[in-house]
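Please have the sequence and the model at hand.

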Amino acid sequence: DLDCVYGRGPDDQPYLYRDGGRRMLRGRKPTGNGDNPMSRDVPRNSPSKGEPARALIGDPRNDENSLVSQLHGLFLRFHNRVVAEHPTWDFEDVQQCVRFHYQFVVLNDFLPRIVTHSVLAELKAHGHYDRHKLEFFHPRNQSFMPVEFAGACYRLGHSMVRPGYWLNDGVLLPIFPVPPKFPDGLTGFRDMPPERGIDWGRFIDIDVRSYDGTDAVNRKRLQFAYQLDTSLVNPLANLPLSVAGDPPHSLAGRNLVRSLRLGLPSGQRVARAMRVPPLKDKEILIGTAAAAVPITDQSLGLGKAFEENCPLWTYILAEAMRHTAPVKLPVKENVHVDTPRLGPVGGRVVAEVFVGLLFGDTGSFLNVDPMWQPEGGPDYALRDFVRFALGGGGQAEAVATDDVVDRPNRSATNKARRKR
């Protein structure tokens with residue numbers, strides 16, 4: 001429901017808003033990306049001398065690095081543009097519009113990118129998600145986030161992180177500091193350096209760029225996430241003390257310790273409980289796809305601790321390595337890449353939780369109007385959401401313009417709005 005953006009709302013947290021609670025407050029303008037003059041940092045407090053400037057946002061954790069905080073800023077911009085396009089809408093109408101578009105993107109763009117399509121098909125009837133197809137996620141009283149999801153399966157993204165990112169033409173930074181070459185990283189929870197304004201075409205396919213070329217071309221290309229596998233990049237092996245104050249200092253180690261403390265079952269046990277044939281030890285590969293070895297390989301030095309007892313987080317990544325499908329990259333060249341996706345265990349857990357949480361929310365579009373879709377149509381994706389937030393045209397521009405002139409054919413957003 002985007003509480004990370006809206007917090008507890010303008011009545012309870014008015015300092016997140018402006019214009020009487022209709023618009024979201026935004027921060028100062030960063031430099032670095034001259035193609036995006038409307039870019040702003042998230043709003044921040046005015047700290048005492050020597051203290052870091054803290055983000056004034058619904059969930060302060062979204063300030064953990066310069067990428068996430070600026071993505072948060074895009075949601076603020078999306079909200080404010082909907083306000084501008086619909087001057088007669090009240091706050092609840094605007095909020096519902098933003099939520100519906102976000103929820104649609106999660107279900108119809110994000111999940112198909114990370115979950116094997118056959119798994120998603122099992123959750124649908126006549127092409128639409130069906131609550132009766134949920135087999136494992138059945139909250140008794142109110143919705144919750146299962147520990148198998150939070151402590152293991154939804155940690156898939158850790159294997160997709162790149163060592164560093166070009167934010168714009170002049171700024172290349174690792175995800176965390178790697179001294180002495182990179183004494184600074186993308187670490188947040190402080191005033192964002194102004195030169196870090198993001199060129200979003202490097203992260204999301206809002207335009208079409210070349211896949212390979214000269215150094216100048218490569219600096220501007222789309223930086224794809226790393227493929228799902230059982231390896232993490234080096235900067236995540238030695239987290240800074242500001243992120244990991246106690247050992248272990250590797251992200252993989254912390255994930256495994258967390259799994260143990262939560263008492264999570266092994267991947268094999270979860271598979272059997274889901275009536276899915278579990279992977280054999282020789283099928284659970286550790287490492288990148290090109291240099292992976294079975295979990296029982298002596299070179300790993302793990303002994304027999306993980307024989308038929310693979311940690312769930314590792315298991316769902318190894319499972320993904322066995323479920324690949326060709327994907328055409330959104331670049332100028334004709335490039336296809338075999339891309340791993342979460343399989344019948346990891347994918348089912350992740351998909352059922354997302355779909356189940358939306359069915360459990362009486363205000364989600366799945367409950368208010370299950371057939372709703374943006375005016376951009378069924379192919380509406382994150383790129384359209386971002387284009388609209390950035391002030392671009394195309395399909396996204398039509399999302400929130402129908403109330404400017406009273407038209408006889410009202411948009412799906414307005415129809416859903418009247419059903420509240």
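The count of aromatic pairs in this predicted model comes to 19. In one of them, the ring centres of F110 and F354 lie 6.1 Å apart with the planes at 80°, so the pair is edge-to-face, since planes over 60 degrees apart fall in that class. This pair joins distant parts of the chain: F110 belongs to helix α3 (residues 91-114) and F354 to helix α10 (residues 346-359), 244 residues apart. F110 counts as partly exposed because its relative accessibility is 29%. F354, at 15% relative accessibility, counts as buried.

A stacked pair is formed by F149 and Y154, with 4.9 Å from centre to centre and 10° between the planes. Here F149 is buried, at 4% relative accessibility, while Y154 has a relative accessible area of 34% and is partly exposed.

Rings also gather in a cluster, and a charge can sit over a ring. F75, F78, Y102, F385 and F388 make up one aromatic cluster. K124 lies over the face of Y129, 4.9 Å from the ring centre.

Next come the cavities. The model has 3 cavities of 30 Å³ or more. The largest has a volume of about 50 Å³, and its lining residues are R26, N36, S39, R40, Q70, G73, L74, R77 and W200. By class, this lining holds 2 nonpolar, 4 polar and 3 charged residues.

The second largest cavity has a volume of about 40 Å³. Among the residues lining this second cavity are V5, L16, M24, P43 and H72. Its lining has 8 nonpolar and 2 polar residues, and no charged residues.

Conventions:
Residues are numbered from 1 along each chain as its sequence is written. This is a predicted model: local features need pLDDT of at least 70, side-chain atom pairs count only at pLDDT 80 or more; totals for chains, interfaces and linings use all residues. Side-chain values use heavy atoms; hydrogens and water are left out. On a 1 Å grid over the protein atoms alone, a cavity is a set of points where a 1.4 Å probe fits but cannot get out, and a pocket is an open set with protein on both sides within 12 Å along at least five of seven lines; lining residues have an atom within 4 Å of a point. Grid points are joined across faces, edges and corners, and a volume is the space filled by probe spheres set on the points. Ala, Val, Leu, Ile, Met, Phe, Trp, Tyr, Cys and Pro count as nonpolar, Asp, Glu, Lys and Arg as charged, and the others, Gly among them, as polar. Rings of Phe, Tyr and Trp (its six-membered ring) pair if their centres lie within 6.5 Å; planes under 30 degrees apart count as stacked, over 60 as edge-to-face and the rest as tilted. Helices (H or I, at least four residues) and strands (E, at least two) are DSSP runs, numbered from the N terminus. Buried means under 20% relative accessible area, exposed over 50%, partly exposed in between (1.4 Å probe, protein chains only). A charge sits over a ring if NZ of Lys or CZ of Arg is within 6 Å of the ring centre and within 35 degrees of the ring normal.
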